[in-house]
Amino acid sequence: GFRCGIVGLPNVGKSTLFNALTKTAAAAAANYPFCTIEPNTGDVPVPDPRLKDIAGIAKSANILPTRITFVDIAGLVRGASKGEGLGNQFLANIREVDAIVHVLRCFEDDDVVHVEGRVDPVADAETVETELMLSDLESLERRIVATRKKATGKDKEAIQALPVMEAALAKLQNGEPVRVLLAGMDAEERSELKTLNLLTSKPVLYVCNVAEDDAASGNAHSQAVAAMAQKQGAKSVVISAAIEAEIAQLPAEEVGDYLEAMGLTEPGLDRLIQAGYSLLDLITYFTAGPKETRAWTVRRGAKAPQAAGVIHTDFEKGFIRAQTIAFDDFVSLGGEVAAKEAGKARDEGKEYVVQDGDILMFKFNN
Ligand code: GDP
């Protein structure tokens with residue numbers, strides 16, 4: 001599945017947030033056949049209001065949301081790239097995630113020690129980013145020597161890889177994360193960059209952990225983070241980990257009242273999960289029938305056979321076609337039969353690029 005790694009300096013609220021995420025997921029876990037929750041890894045359902053609409057029309061007995069995985073990556077301190085703290089372990093863990101959720105302390109509380117002795121989330125972000133850049137710089141400097149040599153010897157793969165490596169190295173030497181290159185790259189260069197698996201090439205979402213009273217409106221710290229994120233082409237969300245921890249403990253029927261008292265319309269975790277989902281450039285398609293309505297995740301741009309493969313590899317191997325109904329048609333016409341009659345159930349083949357919200361039914365050989 002797709003994985004978001006939660007990172008940040010010590011004492012910023014990572015564990016509080018992660019525990020709230022997995023507690024909420026665990027409460028719903030009874031409904032998820034393949035949900036495993038390990039100590040530092042949690043599969044979290046992706047909230048999607050469309051599921052209920054589809055299930056109502058299809059008269060489904062069950063609703064199964066899709067999930068993404070959050071990993072709590074502890075151990076980052078200044079000097080991590082030199083092996084300080086759990087530095088090496090920490091960096092190895094980041095290598096294995098698809099995106100980074102970077103938690104920043106935006107709350108004042110004299111009882112909670114700040115490792116740098118002051119609350120300054122923009123400076124904290126720089127501290128963490130510097131460790132990641134140093135680690136990338138070291139690994140790239142090591143690898144580029146061999147690639148340069150091979151390219152001089154007319155090695156085709158090396159000749160193709162070298163320009164992207166040189167560009168990445170130049171950015172890092174200039175104190176910039178590699179991800180700033182992405183916007184100006186074509187698909188081939190992006191894929192070349194991806195194979196380097198550099199830490200600072202991964203997409204980042206900043207999470208501003210604010211005090212309860214600032215949850216609805218944010219504060220000066222979270223505004224500073226938002227400005228920084230905008231400059232980097234990254235996103236930020238405001239969340240109060242303390243509130244989320246409280247919500248995770250409440251019986252479901254009390255959550256609405258509690259949110260209202262806090263001036264919120266939905267749990268921050270829902271926003272965080274959805275932001276993580278879009279950070280990974282993921283979209284959702286649905287299958288619907290009397291047994292269940294279920295959401296499935298694919299990378300944006302995936303074609304129909306790949307989408308079928310998410311359900312079962314046999315569906316991909318034997319793919320023939322996919323009956324496709326757009327979500328809006330399904331809902332406005334009132335279901336599959338009516339959509340067919342209105343000519344809104346299309347038969348799509350191998351080259352069809354799946355759209356967010358498609359309701360699919362696969363025909364396949366087995
Ligand atoms: P981690 O080291 O980043 O995982 O941080 P923790 O989640 O363990 O939190 C460190 C300390 O900060 C704990 O004592 C938390 O109760 C406290 N904490 C976390 N979030 C908040 C918050 O939003 N407000 C306040 N006042 N304290 C918080």
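Mentor: The shell around the ligand holds 16 residues, and the closest are Gly13, Lys14, Ser15, Thr16 and Asp109. A residue is near a molecule here if its C-beta atom, placed from the backbone, lies within 6 Å of it. Keep in mind that this is a predicted model: local features need pLDDT of at least 70, side-chain atom pairs count only at pLDDT 80 or more, and totals for chains, interfaces and linings use all residues. Residues are numbered from 1 along each chain as its sequence is written.

Trainee: Which elements give two or more residues to that shell?
Mentor: Helix H1 (14-28) and helix H8 (241-249) do. H1 gives the largest share, three residues. Helices (H or I, at least four residues) and strands (E, at least two) are DSSP runs, numbered from the N terminus.

Trainee: And how does the shell around the ligand split by class?
Mentor: Seven nonpolar, seven polar and two charged residues. Ala, Val, Leu, Ile, Met, Phe, Trp, Tyr, Cys and Pro count as nonpolar, Asp, Glu, Lys and Arg as charged, and the others, Gly among them, as polar.

Trainee: Which residues does the UniProt "binding site" annotation cover?
Mentor: In the unreviewed entry, UniProt lists Asn11, Val12, Gly13, Lys14, Ser15 and Thr16. UniProt positions are given in the numbering used here, feature names are shortened, and annotations may be inferred rather than shown by experiment.

Trainee: Let's zoom in on glycine 13. Is it buried or exposed?
Mentor: Glycine 13 is buried, with 25 other C-beta atoms within 10 Å. The cut-offs: buried if 20 or more other C-beta atoms lie within 10 Å of its own, exposed if 12 or fewer, and partly exposed in between, with C-beta atoms placed from the backbone. Glycine 13 sits in the loop between strand S1 (3-7) and H1.

Trainee: What is glycine 13 in contact with, leaving aside neighbours within four places in sequence?
Mentor: Val103, Arg105, Asn209 and Ala241. Two residues are in contact if their C-beta atoms, placed from the backbone, lie within 7 Å.

Trainee: Switching topic: at what angle do H4 and H7 pack?
Mentor: Helix H4 (residues 121-152) and helix H7 (residues 220-232) pack at about 45°, with their axes 8 Å apart. Axes are lines fitted to C-alpha atoms, for helices over the stretch in contact, and angles run from 0 to 180 degrees between N-to-C directions. H4 and H7 are therefore oblique to each other. The contact is made by Pro121, Val122 and Ala125 of H4 and His221, Ala224, Val225 and Met228 of H7. Those contact residues divide into six nonpolar, one polar and no charged.

Trainee: What counts as oblique?
Mentor: Under 35 degrees is roughly parallel, over 145 roughly antiparallel, 65 to 115 roughly perpendicular, and the rest oblique.

Trainee: What about lysine 154, buried or exposed?
Mentor: Lysine 154 is exposed, with 8 other C-beta atoms within 10 Å. Its place is in the loop between H4 and helix H5 (156-173). Lysine 154 has a positive phi of about 65° although it is not a glycine.
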